[in-house]
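Okay, everyone, thanks for coming.

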Amino acid sequence: MKLITAVIKPFKLEEVRSALTDLGLQGMTVTEVKGYGRQKGHTEIYRGAEYAVSFLPKIKIEVVVPGAQVDKALAAIQRAAKTGQIGDGKIFVSPIEHTVRIRTGESDDDAL
Amino acid sequence: MKLITAVIKPFKLEEVRSALTDLGLQGMTVTEVKGYGRQKGHTEIYRGAEYAVSFLPKIKIEVVVPGAQVDKALAAIQRAAKTGQIGDGKIFVSPIEHTVRIRTGESDDDAL
Amino acid sequence: MKLITAVIKPFKLEEVRSALTDLGLQGMTVTEVKGYGRQKGHTEIYRGAEYAVSFLPKIKIEVVVPGAQVDKALAAIQRAAKTGQIGDGKIFVSPIEHTVRIRTGESDDDAL
Ligand SMILES: Nc1ncnc2c1ncn2[C@@H]1O[C@H](COP(=O)(O)OP(=O)(O)OP(=O)(O)O)[C@@H](O)[C@H]1O
Ligand SMILES: Nc1ncnc2c1ncn2[C@@H]1O[C@H](COP(=O)(O)OP(=O)(O)OP(=O)(O)O)[C@@H](O)[C@H]1O
Ligand SMILES: Nc1ncnc2c1ncn2[C@@H]1O[C@H](COP(=O)(O)OP(=O)(O)OP(=O)(O)O)[C@@H](O)[C@H]1O
Ligand SMILES: [Mg+2]
Ligand SMILES: [Mg+2]
Ligand SMILES: [Mg+2]
């Protein structure tokens, strides 16, 4: 299992969510965050408004997926989140060693 | 060391916290998140109110624990967070390679 | 690549950010969280106010860095975040197996 963490533009959440649902992925956790990338301190256009400040609002999506679905999920997120403008975001993949579904006690791939 | 991440029903936070404290675990980080699992788009009863929307408020708990305490911590979280109804949540375990306690400079298990 | 997660006092964010920028690190994600460490349930002085409650507001910083920069980044965060008082925070290092920069499709170290 892998944890895919994507930090994206907030207005792209529904598109990314729908792309993951189309792959049959059945769970997601979302957090409101703020961040900056390579243009830090510089101006980034964000939903029509201009921000000179360094931190911009972003959405962090976390999806734990079976190893076999990582590549498809990465491609789907990248496709759905991309506008071609700066600030489109980053995706990070990290290992998950164990998963539990609390209600049923199922574990690992069965828990996803 | 392992990072245990649990996404639970918000009203279960105090119960989970108390169960971890009873094990002698001395630290926790909590984030307000929203998410969905297998019933996505369907109705889930949440603290008496009915939501047809896809994202429900959840609490994400992060606890870094020594390797020797992972199993006990997982069992305690599962027991404390479980209601038996859908939406009880998920627990994920991932590796932590290094820890620093900022004030003292202690590291790894000594820093927890 | 490694994910460095630091949970710090909120008023230390700008100092930590500036220390990381000085190292040439070009991205960061920030989340408002709450937490407790070893003094849980006890009183901690926080920006002049006294809290008897268990959870205190903290800032979680996440920075993904090339392996070669982990040690410098850890030292910089520790130096910048430290006040010498309780509650200065914790730093955790965990593995990142893959990174994508969404706009360009670059991956791994090139994506940071
Ligand atoms: N190295 C990093 N570590 C942690 N979070 C990062 C990192 N780089 C970027 N982020 C997060 O991703 C968000 C979006 O980054 P962004 O897309 O601006 O990256 P970028 O490298 O500047 O690419 P672009 O040139 O396309 O803007 C940031 O606001 C931040 O939250
Ligand atoms: N695969 C996943 N990746 C990331 N977060 C997840 C995943 N699955 C669930 N979550 C998080 O856990 C929360 C609770 O999930 P939930 O308990 O509804 O899972 P479930 O599989 O639907 O189990 P149940 O049938 O008991 O409801 C979600 O709101 C979401 O935040
Ligand atoms: N084991 C842990 N797992 C997850 N988060 C932790 C853990 N320990 C501490 N934290 C987070 O770090 C924050 C700061 O912790 P804190 O600096 O108080 O640690 P401490 O061990 O009590 O050190 P000190 O004695 O210097 O206060 C907490 O509010 C919590 O968010
Ligand atoms: Mg950018
Ligand atoms: Mg569910
Ligand atoms: Mg403390």
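Before the ligands, a quick word on residue classes: Ala, Val, Leu, Ile, Met, Phe, Trp, Tyr, Cys and Pro count as nonpolar, Asp, Glu, Lys and Arg as charged, and the others, Gly among them, as polar. With that sorting, the shell around ligand 1 splits into 7 nonpolar, 7 polar and 7 charged residues. And please keep in mind that this is a predicted model.

So, let's look at ligand 1. Which residues come nearest to it? Out of 21 residues around ligand 1, those are Arg38(A), Gly87(A), Gly89(A), Arg101(C) and Arg103(C).

Now the secondary structure around ligand 1. From chain A we have β2 and β6 (89-95), and from chain C we have β2 (28-36) and β5 (56-65), each supplying at least two residues of the shell. The largest share comes from β5(C), with 3 residues.

What about backbone atoms around ligand 1? Gly87(A) has a polar backbone atom 2.7 Å from an oxygen atom of ligand 1. For Gly35(A), a backbone N or O atom sits 3.3 Å from a ligand 1 oxygen, and for Asp88(A), a polar backbone atom is 3.5 Å from one.

On to ligand 2. How many residues surround this one? There are 21, and the closest are Arg101(A), Arg103(A), Arg38(B), Gly87(B) and Gly89(B). Here the residues come from chains A and B, so this site, too, is shared between chains. By class, the ligand 2 shell has 7 nonpolar, 7 polar and 7 charged residues.

For the strands around ligand 2, β2 (28-36) and β5 (56-65) of chain A, plus β2 (28-36) of chain B, each give at least two residues to the shell. β5(A) gives the most, with 3 residues.

If you're thinking about side chains at ligand 2, here are a couple of pairs. Arg101(A) has a polar side-chain atom 2.6 Å from an oxygen atom of ligand 2. In Lys90(B), an N or O atom of the side chain is 2.9 Å from a ligand 2 oxygen. On the backbone side, an N or O atom of Asp88(B) lies 3.4 Å from an oxygen of ligand 2. Taken alone, ligand 2 exposes 610 Å², and the protein buries 98% of that.

Okay, stepping back to how the chains are arranged. Rotate by 120° with 0.0 Å of shift along the axis, and chain C superposes on chain A with an RMSD of 0.0 Å. The two copies are therefore related as by a three-fold rotation axis. Within chain C, Pro95(C) has the C-alpha nearest that axis, at 4.3 Å. The copies use different surfaces, with 11% of the contact residues of chain C recurring in chain A.

We've got 2 helices and 7 strands, and from the N terminus they go β-α-β-β-β-β-α-β-β. Of its 112 residues, 54% count as buried. Among chain A contacts between residues at least 6 apart in sequence, 73% join residues at least 24 apart. Finally, its accessible surface is about 4,800 Å², and 47% of that belongs to carbon and sulfur atoms.

Definitions and conventions:
Residues are numbered from 1 along each chain as its sequence is written. Chains are lettered from A and ligands numbered from 1 in the order in which they are written. This is a predicted model: local features need pLDDT of at least 70, side-chain atom pairs count only at pLDDT 80 or more; totals for chains, interfaces and linings use all residues. Side-chain values use heavy atoms; hydrogens and water are left out. A residue is near a molecule or strand if one of its heavy atoms lies within 4 Å of it. A polar contact is a pair of N or O atoms within 3.5 Å; within protein, one must be able to donate a hydrogen and the other to accept it, and residues adjacent in sequence count only if both atoms are side-chain atoms. Accessible areas come from the Shrake-Rupley method with a 1.4 Å probe; for residues, only the protein chains shown count as cover. Helices (H or I, at least four residues) and strands (E, at least two) are DSSP runs, numbered from the N terminus. Buried means under 20% relative accessible area, exposed over 50%, partly exposed in between (1.4 Å probe, protein chains only). Contact means heavy atoms within 4.5 Å. Copies are superposed by least squares on the C-alpha atoms of residues with pLDDT of at least 70 in both.
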